[in-house]
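Let's take a walk through a protein chain together. Have a look at the fold first, then read on.

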Amino acid sequence: MRLCRPVLAALTVALASPCFAETSKPIPLDNPQLQPNAFIDLLALMSGHCKTLRVAGRTFPCKTVAYAHGDKGRVNFAVAVDDPSDDSHVVSFSGENGKRADDNSYELPIDRMLLNSKDRPRVDGLPVPAEQTSTGICRQTGNFAARKVHDVTCSATDSDGRTYELLFVSDGTPVSVRRIRQSAPSIQDPFK
């Protein structure tokens with residue numbers, strides 16, 4: 001867990017640049033914080049822009065999306081939000097058991113949203129995201145092995161009926177993929 005938080009913090013600081021946007025207000029949550037026991041083993045940073053980023057009815061801009069794979073199989077599509085009032089604003093669509101339909105498409109069922117902001121409690125100086133039980137799906141077109149991702153779309157609804165939407169489009173820059181540590185693959189791949 002100590003490796004996961006610094007990687008996400010570095011991503012947030014490096015990618016969240018201020019621009020004109022709505023100011024954020026904390027989203028009230030019902031779900032208790034769950035403590036994950038996984039380490040990030042693969043991180044892929046995608047360059048581009050969000051055509052759509054809606055968080056509980058509010059629209060925000062962003063610059064990048066990161067794919068973070070945990071060694072226990074949990075995957076996050078983390079979005080660094082361009083929020084001038086909160087440089088720690090990160091929204092993550094999180095799930096397990098992702099599947100590839102072919103070499104250029106990936107689907108991840110979403111079972112929770114991870115919501116991070118400057119108002120969250122901190123561990124080792126870094127904000128700990130709130131977890132909100134959710135249902136939804138993320139779809140990615142492109143391929144990390146080829147370092148080309150075209151877009152990522154996500155849609156989820158939390159247990160309180162709030163909706164989250166993402167349409168991220170790559171700017172064509174090759175994806176930066178970093179294997180942080182070796183682990184067993186968790187993706188269901190019918191092409192292996």
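## A first look at the chain

The chain exposes about 9,600 Å², and carbon and sulfur atoms supply 54% of that area (Shrake-Rupley method with a 1.4 Å probe; for residues, only the protein chains shown count as cover). Keep in mind that this is a predicted model, where local features need pLDDT of at least 70 and side-chain atom pairs count only at pLDDT 80 or more, while totals for chains, interfaces and linings use all residues. Residues are numbered from 1 along each chain as its sequence is written, and side-chain values use heavy atoms, with hydrogens and water left out.

What is the chain built from? You'll find one helix and 13 strands (DSSP runs numbered from the N terminus: H or I of at least four residues for helices, E of at least two for strands). Of the 192 residues, 46% count as buried, meaning under 20% relative accessible area with a 1.4 Å probe, protein chains only.

Now zoom in on the inside. The largest nonpolar core has 31 residues, and M46, L53, Y67, F77, F93 and L166 have the most contacts inside it. Such a core is a set of buried Ala, Val, Leu, Ile, Met, Phe, Trp, Tyr and Cys residues joined through side-chain atoms within 4.5 Å. Strand 1 gives the most to this core, with six residues.

L166 sits in strand 12 (residues 163–170). Is L166 buried or exposed? L166 is buried, with a relative accessible area of 3%. Setting aside neighbours within four places in sequence, its contacts (heavy atoms within 4.5 Å) include C50, L53, V65, F93 and V152. The structure holds four aromatic pairs, where ring centres of Phe, Tyr and Trp (its six-membered ring) lie within 6.5 Å; planes under 30 degrees apart count as stacked, over 60 as edge-to-face and the rest as tilted. Two of these pairs involve Y67:

| Pair | Centre to centre | Angle between planes | Type |
|---|---|---|---|
| Y67 and F77 | 5.5 Å | 65° | edge-to-face |
| Y67 and Y106 | 6.0 Å | 80° | edge-to-face |

Y67 in strand 3 and Y106 in strand 7 are 39 residues apart, so this pair links distant parts of the chain. Both Y67 and Y106 are buried. Y67, F77, Y106 and F144 form one aromatic cluster.

Finally, strand 6 and strand 7 form a hairpin with two residues between them.

Note on methods: Buried < 20%, exposed > 50% of the residue type's maximum accessible area, 1.4 Å probe, protein only. Pairing = 2+ DSSP bridges.
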